[in-house]
Protein chains: 2
Amino acid sequence: MISAEAGSRRVDPAPEPAEGSLLLDDQLCFALYAASRAVTARYRPLLDELGLTYPQYLVMLVLWEQDAISVRELGAALQLESSTLSPLLKRLEANGLLHRERRADDERSVAIRLSEEGARLRDRAATVPVSIGDAMGLTPEQDALTKQLLRLLTANVSAD
Amino acid sequence: MISAEAGSRRVDPAPEPAEGSLLLDDQLCFALYAASRAVTARYRPLLDELGLTYPQYLVMLVLWEQDAISVRELGAALQLESSTLSPLLKRLEANGLLHRERRADDERSVAIRLSEEGARLRDRAATVPVSIGDAMGLTPEQDALTKQLLRLLTANVSAD
DNA sequence: CTCGATTAAGTCGTGCGCAACTTATTGGCC
DNA sequence: GGCCAATAAGTTGCGCACGACTTAATCGAG
């Protein structure tokens, strides 16, 4: 188990194996992969209530924060390609949560706008982060530390 | 930046926001999702050399560790459903990396066995963890801490 | 021994995620 | 102005992930 002190305390004397082990449980990548799927799974029943998938929920988070954004900007925020977003946005539009319209000043660009229903959904979504935070069961320090480490990792791994 | 000594140096006084924020960048879930995809993307060119996808690589890691395992055991190790593994294993078999055969003592079960080629692939894969470890750029302490935190998170979130 | 419940693996449908590509528009250089 | 590179969005193909379901084998209570 991990100490609450934001990781300040010794954790375990587990014999950390040689660099470059091929053992599954030594791989940070697998811990990451498993954690990501486990968290998504925990979201699923909550998001089902809202009629959203997890990636769709992330898109809505961005839109609730800044409406009338382009697909490109959305992709920059979520680190997703247009080939992922375009069909996803189509589904959200079909579900009545947003509108898509070409920008007058640049016909290449498409502005994504929340519909009334999409904007209203924000209220119903308000309980989701709290519920997930509970399930995660991390102290605020652990939560912040994990975020920091994951961002560092992402930045390093994304570098050139 | 994050300190190496498991948090010995101050990181940042970023105003950690209210519990239950809907801002994308406050969500641990998003940091996790983004990190997982970024790491997988980093693996991709290395695994392309081996003719493997990332989930296929994870399966091979398990098999290199313990051969002649059942689909069920593989699923337990990777936390994946048979509906994910069955087609994936079919593809690995088609690529000549493994064989599948019904167990004599329990005809419901299927034993997954490495082929010669699958076993040999291990040598070529040996450099992958080192290369990825480099790219991740975490200190051993940061690496271990991240793994610990992710396992804690996974365990909490998976609990009933 | 029997038969209903359980278990293992697999199929099917849907929605990502991404590489490779296409289409349409814009910008820049002469 | 004309043309070509760059850019934005979208399409296609493939491989996961997973829920819901199917098939087949085994288990176990009576």
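The legends below describe close-up views of a predicted model in which two protein chains meet each other and a DNA strand.

**View 1. The two protein chains, A and B, as related copies.**

**View 2. The interface between chain A and chain B.**
Here 69 residues of chain A are in contact with 67 residues of chain B, and the two chains bury about 6,400 Å² between them, with 68% of that area on carbon and sulfur atoms. Three residues, A:Leu22, A:Leu28 and A:Val157, supply 11% of the area that chain A buries against chain B, which is more than any other three residues supply. Between the two chains the count of salt bridges is zero, whereas 18 residue pairs are found in polar contact across the interface.

**View 3. The side of chain A that touches chain B.**
Several helices of chain A each supply at least two residues of this side, among them α1, α2 (54-65), α5 (116-125) and α6 (127-136). The element that gives the most is α7(A), with 16 residues. Sorted by class, this side of chain A has 42 nonpolar, 14 polar and 13 charged residues.

**View 4. The protein surface near DNA strand D.**
DNA strand D is surrounded by 26 residues, and the closest are A:Tyr33, A:Arg72, A:Ser83, A:Ser86 and B:Thr53. Of the atoms of DNA strand D that come within 4 Å of the protein, 76% belong to sugar and phosphate. Both chains take part in this surface: elements that each supply at least two residues include α4 (82-94) and β2 (98-102) of chain A, together with α2 (54-65) and α4 (82-94) of chain B. By class, the surface has eleven charged, nine polar and six nonpolar residues.

**View 5. Individual polar atom pairs between the protein and DNA strand D.**
In the side chain of A:Arg37, an N or O atom is 3.1 Å from a phosphate oxygen of DNA strand D. In B:Glu107, by contrast, a polar backbone atom is 3.1 Å from a phosphate oxygen of DNA strand D. For A:Arg108, a polar side-chain atom lies 3.3 Å from a base oxygen of DNA strand D.

Note on methods:
Residues are numbered from 1 along each chain as its sequence is written. Chains are lettered from A and ligands numbered from 1 in the order in which they are written. This is a predicted model: local features need pLDDT of at least 70, side-chain atom pairs count only at pLDDT 80 or more; totals for chains, interfaces and linings use all residues. Side-chain values use heavy atoms; hydrogens and water are left out. A residue is near a molecule or strand if one of its heavy atoms lies within 4 Å of it. A polar contact is a pair of N or O atoms within 3.5 Å; within protein, one must be able to donate a hydrogen and the other to accept it, and residues adjacent in sequence count only if both atoms are side-chain atoms. Helices (H or I, at least four residues) and strands (E, at least two) are DSSP runs, numbered from the N terminus. Ala, Val, Leu, Ile, Met, Phe, Trp, Tyr, Cys and Pro count as nonpolar, Asp, Glu, Lys and Arg as charged, and the others, Gly among them, as polar. Copies are superposed by least squares on the C-alpha atoms of residues with pLDDT of at least 70 in both. Contact means heavy atoms within 4.5 Å. Buried area is the accessible area (1.4 Å probe) that two parts lose on being put together, summed over both. A salt bridge is a side-chain nitrogen of Lys or Arg within 4 Å of a carboxyl oxygen of Asp or Glu.
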